[in-house]
Amino acid sequence: MNTQHENQTEPSEAAHPSATPFSNVPPEQSPVLLPPPQKQGGMPLFDALMLRHSTREYTSQPLSPQTLSNLLWAAFGVNRPGGERTAAYWRHVMVLDLYVVTADGVWIYDAPNHALAPVLKGDLRGQTGLQDFAASAPLDLVYVAHGERMTEIDPEERHLYASVDAGFIGQNVYLFCASEGLASVFRGSVDCSKLAAALQLQAQQFVTFAQTVGYAKK
Ligand SMILES: Cc1cc2nc3c(=O)[nH]c(=O)nc-3n(C[C@H](O)[C@H](O)[C@H](O)COP(=O)(O)O)c2cc1C
């Protein structure tokens with residue numbers, strides 16, 4: 001385990017957050033611009049903390065474009081002029097891509113442009129988890145790590161740090177959902193290699209966790 005966090009050097013230019021290359025995105029498809037995120041308001045933090053919980057029964061009601069935009073910004077959007085994000089991340093290296101999986105297809109959240117970069121067409125929700133609700137809830141987020149951006153640490157540590165990055169985003173998602181009356185559950189119950197194949201990940205990329213978002217069945 002590397003315990004030298006305080007002594008780590010400043011990130012290189014290549015590791016700058018705004019330099020995220022989406023190597024999996026087919027060049028012929030155009031990105032979908034999200035509506036500008038609404039960054040004000042929401043519930044007081046302590047009220048949201050009181051309401052945060054996991055949900056495993058969802059309706060099929062989709063999220064509106066504005067709600068999806070706000071959710072993704074809260075999850076891992078850019079919150080400072082330098083391109084830094086709403087969640088802390090390992091060594092200032094942009095290790096995680098946030099895959100957005102809906103009934104219509106799969107996208108990667110392009111935070112600097114606040115857009116969705118198309119990856120795949122078709123409904124892959126059922127492949128994002130081993131629990132039935134993943135296939136019918138409107139949105140599954142999949143936190144995908146780029147192992148090739150973590151070459152200075154052991155493979156085991158890559159999984160550890162990428163998973164912590166995912167956990168911070170996951171808590172942002174939980175709190176956003178609590179504030180907005182949405183439901184969510186962070187999920188480790190995922191067949192990661194099968195999902196990696198379905199998402200056509202490259203050799204060094206790996207799935208850390210998934211997270212379902214939608215509206216709770218009453
Ligand atoms: C690392 C991690 C993995 C989890 N994996 C799953 C999962 O695969 N399926 C699931 O239904 N819940 C999963 N959860 C949610 C927990 O079961 C849940 O947070 C816990 O039971 C506490 O309930 P609460 O979130 O409602 O407070 C996971 C949570 C974490 C932090």
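How many of the 7 residues of strand β2 (residues 96-102) are buried? The count is 6 of 7, so strand β2 is mostly covered, a residue being buried if 20 or more other C-beta atoms, placed from the backbone, lie within 10 Å of its own. Strands (E, at least two residues) and helices (H or I, at least four) are DSSP runs numbered from the N terminus.

The model is predicted: local features need pLDDT of at least 70, side-chain atom pairs count only at pLDDT 80 or more, and totals for chains, interfaces and linings use all residues. Residue numbers start from 1 along each chain as its sequence is written.

Strand β2 has two partners, where pairing requires at least two DSSP bridges between the strands. With strand β5 (residues 139-146) the pairing is antiparallel over 6 bridges, and Asp-97 stands opposite Val-144. With strand β3 (residues 105-110) the pairing is also antiparallel, over 4 bridges. In this second pair, Tyr-99 faces Ile-108 and Val-101 faces Val-106. A hairpin of 2 residues connects β2 to β3.

These strands belong to an open, antiparallel sheet of 7 strands in the order β1-β4-β3-β2-β5-β7-β6. Its edges are β1 (32-33) and β6 (183-187), each of which pairs on one side only. Helix α4 packs on the sheet and touches β2, β5, β6 and β7, contact being defined by C-beta atoms, placed from the backbone, within 7 Å. The direction of α4 makes about 10° with that of β7; axes are lines fitted to C-alpha atoms, for helices over the stretch in contact, and angles run from 0 to 180 degrees between N-to-C directions.

The largest nonpolar core contains 59 residues. Such a core is a set of buried Ala, Val, Leu, Ile, Met, Phe, Trp, Tyr and Cys residues joined through C-beta atoms within 7 Å. Leu-98, Tyr-99 and Leu-141 have the most contacts inside this core. At least two core residues each come from α2 (65-76), β2, β3, β4 (115-121), β5, α4 (155-180) and β7 (205-214), and the largest share, 10 residues, comes from α4. Leaving aside residues up to four places away in sequence, Leu-141 touches Leu-98, Tyr-99, Val-100, Val-173, Ala-210, Gln-211 and Val-213.

The ligand is surrounded by His-53, Ser-54, Arg-56, Gln-131, Val-185, Phe-186, Arg-187, Gly-188 and Ser-189, each with its C-beta atom, placed from the backbone, within 6 Å of the ligand. This shell comprises 2 nonpolar, 5 polar and 2 charged residues.

Technical notes. Buried ≥ 20, exposed ≤ 12 C-beta atoms within 10 Å, placed from the backbone. Contact = placed C-beta atoms within 7 Å. Nonpolar A, V, L, I, M, F, W, Y, C, P; charged D, E, K, R; others polar.
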